[in-house]
Amino acid sequence: MTKPAAKTQNKRLTVLGPQDEFPFECHAGLPCFTRCCRDITIFLTPYDVLRMKNALHRSSGEFLSAYTVTMIGDNGLPIVVLKMGEDEEKSCPFVTNRGCSIYSDRPWACRIYPLKPETTKITEKAGKSYYSVMDVPFCGGLRSEKVHGLSAWIEQQGIPVYHEMEALFKKITTNERLSQEKITNKKIQEMVYMACYDLDRFRRFVMESTFLERFEVEPEAVERLKTDDTALYRFAIQWLEYGLLAQHVLKVRPSVMAAKKQELGVE
Ligand code: SF4
Ligand code: SF4
């Protein structure tokens with residue numbers, strides 16, 4: 001049986017749990033069709049960039065320079081935003097008369113609409129996700145009679161893999177040590193940008209620098225990193241955990257360790 005949606009204390013927000021339902025239907029027959037794809041701010045996650053650049057058959061560098069702007073967040077880490085067009089309506093570069101031209105690889109923010117996460121640290125720890133339905137006056141889809149079960153909707157929209165990938169990114173962005181002091185070192189900002197967003201450049205860094213002479217990486221893993229962007233992204237996060245958070249998730253070659261110890265004069 002469907003549970004009724006719970007009201008929060010401020011009485012204005014209805015929070016939905018996994019068993020709840022919400023009304024929504026978006027289709028080309030609505031007068032608002034594609035209106036939501038104009039003049040909006042869409043923050044792109046690293047996994048959004050990975051999917052979008054591959055959908056467009058562009059390198060990460062080409063995609064980032066053509067379609068995004070980068071800012072620095074309060075914690076000093078880079079934030080990537082989708083650049084809207086310069087037309088009067090500031091249209092998303094991927095919107096067409098028939099809808100989204102990269103629909104199967106659209107970013108998380110577009111997938112999750114009309115839901116908005118209401119997850120707190122407590123609910124996150126308990127492994128539970130809650131959402132509210134956004135209040136967008138021009139969106140005719142919100143006035144539909146058609147209802148969706150929240151859990152099924154999340155699955156249908158292909159969201160779980162985005163959440164899985166975002167959880168990896170959060171190991172860096174929500175790390176207590178990093179959030180205590182703002183990162184101002186431009187080299188670190190650049191390192192995070194390359195590893196998280198500019199994956200093709202990170203691949204060249206791994207394959208073409210002395211990286212593999214310094215770190216022990218299994219040959220099969222090296223082969224996978226040459227072609228599998230998701231494996232490369234996972235590896236990039238490990239590299240950041242190692243380099244920024246001093247976590248022993250990568251193994252330095254013994255010969256490199258020995259040379260380093262000798263250089264520092266330690267036994
Ligand atoms: S129904 Fe809502 S989501 Fe669909 S096109 Fe209209 S405004 Fe956008
Ligand atoms: S990426 Fe697609 S769904 Fe998202 S705003 Fe652009 S056109 Fe709309």
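Reply: What follows is a set of questions about labels, each answered by value and definition.

Me: What should I know before reading any values?

Reply: This is a predicted model, in which local features need pLDDT of at least 70 and side-chain atom pairs count only at pLDDT 80 or more, while totals for chains, interfaces and linings use all residues. Residues are numbered from 1 along each chain as its sequence is written, chains are lettered from A and ligands numbered from 1 in the order in which they are written, and side-chain values use heavy atoms, with hydrogens and water left out.

Me: Why is aspartate 39 called exposed?

Reply: Buried means under 20% relative accessible area, exposed over 50%, and partly exposed in between, with a 1.4 Å probe and protein chains only. Aspartate 39 has 52% relative accessibility, so it counts as exposed. Aspartate 39 sits in the loop between strand S3 (21-23) and strand S4 (43-44). Its phi is positive, about 50°, although it is not a glycine.

Me: What makes lysine 90 partly exposed?

Reply: Its relative accessibility is 42%, so lysine 90 counts as partly exposed. Lysine 90 belongs to the loop between strand S6 (78-82) and strand S7 (95-96). Lysine 90 also has a positive phi, near 50°.

Me: And how is leucine 56 classed, buried or partly exposed?

Reply: Leucine 56 is at 24%, so it counts as partly exposed. Its place is the loop between H1 and helix H2 (60-67). Contact means heavy atoms within 4.5 Å. Leaving aside neighbours within four places in sequence, leucine 56 is in contact with Phe63, Tyr67, Phe94 and Ile102.

Me: Why is aspartate 229 called buried?

Reply: Its relative accessibility is 8%, so aspartate 229 counts as buried. Aspartate 229 lies in helix H12.

Me: What makes the pairing of aspartate 229 with lysine 53 a polar contact?

Reply: A polar contact is a pair of N or O atoms within 3.5 Å; within protein, one must be able to donate a hydrogen and the other to accept it, and residues adjacent in sequence count only if both atoms are side-chain atoms. The side chains of aspartate 229 and lysine 53 are joined at 2.6 Å. Aspartate 229 has another such contact, of 3.0 Å, with the side chain of asparagine 54.

Me: How do you know that H12 is largely enclosed?

Reply: Helices are DSSP runs of H or I with at least four residues, strands are runs of E with at least two, and both are numbered from the N terminus. Of the 17 residues of H12, 12 are buried, so the rest of the structure largely encloses it. Among them are Tyr233, Phe235, Trp239 and Leu240.

Me: How does the span of H12 compare with the expected one?

Reply: The expected span of a helix is 1.5 Å times one less than its number of residues. H12 covers residues 229-245 and reaches 23 Å from its first C-alpha to its last, close to the expected 24 Å.

Me: What caps the N-terminal end of H12, and what follows the helix?

Reply: Aspartate 228 is the cap, with a side-chain oxygen 3.0 Å from the backbone nitrogen of threonine 230. Alanine 246 follows H12, and its phi is positive, near 55°.

Me: Why does the span of H6 agree with expectation?

Reply: The 14 residues of helix H6 (residues 160-173) should span 20 Å, and the end C-alpha atoms are 19 Å apart, which agrees. Buried residues of H6 include Tyr162 and Phe169. The buried residues pack against helix H1 (46-55), H3, helix H7 (176-180), helix H8 (186-196) and H12.

Me: Which residues surround ligand 2?

Reply: A residue is near a molecule or strand if one of its heavy atoms lies within 4 Å of it. Around ligand 2 are Cys37, Ile40, Ile42, Cys92, Phe94, Val95, Cys100, Pro107 and Cys110.

Me: How does that shell around ligand 2 divide by class?

Reply: Ala, Val, Leu, Ile, Met, Phe, Trp, Tyr, Cys and Pro count as nonpolar, Asp, Glu, Lys and Arg as charged, and the others, Gly among them, as polar. The ligand 2 shell has nine nonpolar, no polar and no charged residues. The shell around ligand 1 has nine nonpolar, two polar and no charged residues.
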